Amino acid sequence: MEQFQGVISRAGERQVFMGEESMGIWEEPGAESGCKLERNEVAIEFCAQSRNESFARMVAAAYTAQLNPTMEEISDIKTAVSEAVTNAVIHGYSGGDGIIRMRLALSENEVQIEVTDHGVGIENILIAMEPMYTTRPDMERSGMGFAFMEAFMDELEVRSALGRGTIVRMKKKIAPGV
Amino acid sequence: MEEKNGKEQVICEKDGQVLIIIPTSDLDHHCATFVRKKADETIDRGEVAHLLFDFSKIRFMDSSGIGVIMGRYKKVIFQGGKIACCGVGKEVDRILTVSGLYRIMPCYPGRKEALHALKEGKA
């Protein structure tokens, strides 16, 4: 059984946990939900190319539109998705070939977004999350990716295994419209 | 890395000692590559002292945009150059605020005010 490390960040608190592969790191879409009527879920897969970043965030924005989000909430989601996908392109696959999978689920007033790559993985997630920390200063990466995901979403969970890949899960509550 | 559909990602204009950088497409990792390349063509020739980022044509920026601004800032600051921005919409404003970039890059409502401040050394 292969181990993975995980960090969950909620309301400014980060918790580290370890898990095993069977705990669902590579679980199939729909596995949790079994596509029940109360839970709606979609998934897309696309090549790890920078030109697909805008496509991914537009899909996430369009999907969340069902909950009548504010412009600001949409903007937050687009930024967070952009950061997660950019990380997969640049760090996960180092700009090389690869497939990124994005899963979106809605439950009541919350949107859940999952971005998965099968790239190099993260050695230490807590360190990677530190604002301004980057492994690619040569590419002028600002090191703000995870900080933005944390700032703009209500919950961020990262699971990673070296040489196997990374899963980023984010949740955001959408205030019910008036 | 040429865009196949030929869509312009950024426009650069010179106004005296100021290079005006106008991203015309969402400033993400993809667009950042084009902005960096195009802006550096002029900056590296030493033709300008200051930089003005005009964000009036975009409604989206992520941390890649922060990287591009910081990178260009480092290029001009050691020669006594300044940077400023203008035309900032709500979405871009949020990113610039959260990242703390306003501390190094003052914001002006329009291009005219920003150019004036850069040229008068007030930025």
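This is a predicted model: local features need pLDDT of at least 70, side-chain atom pairs count only at pLDDT 80 or more; totals for chains, interfaces and linings use all residues.
Strand E1 (residues 3-10) of chain A can be followed to both of its neighbours. Towards strand E6 (residues 155-161) of chain A, E1(A) runs antiparallel and is joined by 6 bridges. One of the pairs here joins Ser9(A) to Arg14(A) in E2(A). E1(A) and E2(A) make a hairpin with 2 residues between them, and Ala11(A) in the turn has a positive phi of about 45°.

Attention now passes to the helices of chain A. In general, two packed helices are described by the angle between their axes and the distance between the axes. For H1(A) and H2(A), the axes come within 9 Å and cross at roughly 145°, and the crossing is right-handed. On the H1(A) side, the contact is made by Glu53(A), Ala56(A), Arg57(A), Ala60(A), Ala61(A) and Thr64(A), which meet Ile74(A), Ile77(A), Lys78(A), Val81(A), Ser82(A), Val85(A) and Thr86(A) of H2(A). Sorted by class, this contact has 7 nonpolar, 3 polar and 3 charged residues.

Arg136(A) sits in the loop between helix H3 (125-129) and helix H4 (145-152) of chain A. Is Arg136(A) buried or partly exposed? Arg136(A) counts as partly exposed because it has 13 C-beta neighbours inside 10 Å. Leaving aside residues up to four places away in sequence, Arg136(A) touches Ile90(A) and Arg141(A). Ile90(A) is 46 residues from Arg136(A) along the chain, yet their C-alpha atoms are separated by 8.7 Å.

Chains A and B also meet. The contact involves 19 residues of chain A and 19 residues of chain B. H1, H2 and H4 of chain A each supply at least two residues of the side that touches chain B, and H2(A) gives the most, with 8 residues. By class, this side of chain A has 5 nonpolar, 8 polar and 6 charged residues.

The buried residues in helix H3 (residues 90-99) of chain B include Glu91(B), Val92(B), Ile95(B), Leu96(B) and Ser99(B). Why do they lie on the same side of H3(B)? They do so because they cover an arc of only 130° around the axis. The general rule is that an α-helix has 3.6 residues a turn, so residues three or four places apart point the same way. On the other side of H3(B), Lys90(B) and Thr97(B) are exposed. The cover over the buried residues of H3(B) includes elements from both chains, helix H2 (71-92) of chain A together with helix H2 (63-77) of chain B. Just after H3(B) comes Gly100(B), with a positive phi of about 75°.

Helix H4 (residues 111-119) of chain B has Ala114(B), Leu115(B) and Leu118(B) as its buried residues. These cover an arc of only 100° around the axis and are therefore on the same side of H4(B). Among what covers them are strand E1 (10-15), strand E2 (18-23), strand E3 (50-54), strand E4 (83-86) and strand E5 (107-108) of chain B. Just after H4(B), Gly121(B) has a positive phi of about 75°.

Definitions and conventions:
Residues are numbered from 1 along each chain as its sequence is written. Chains are lettered from A and ligands numbered from 1 in the order in which they are written. Two strands pair if DSSP finds at least two bridges between them. Helices (H or I, at least four residues) and strands (E, at least two) are DSSP runs, numbered from the N terminus. A residue is buried if 20 or more other C-beta atoms lie within 10 Å of its own, exposed if 12 or fewer, and partly exposed in between; C-beta atoms are placed from the backbone. Two residues are in contact if their C-beta atoms, placed from the backbone, lie within 7 Å. The arc is that of the directions from the helix axis to the C-beta atoms. Axes are lines fitted to C-alpha atoms, for helices over the stretch in contact, and angles run from 0 to 180 degrees between N-to-C directions. A crossing is left-handed if the near helix is turned anticlockwise from the far one by less than a right angle, and right-handed if clockwise. Ala, Val, Leu, Ile, Met, Phe, Trp, Tyr, Cys and Pro count as nonpolar, Asp, Glu, Lys and Arg as charged, and the others, Gly among them, as polar.
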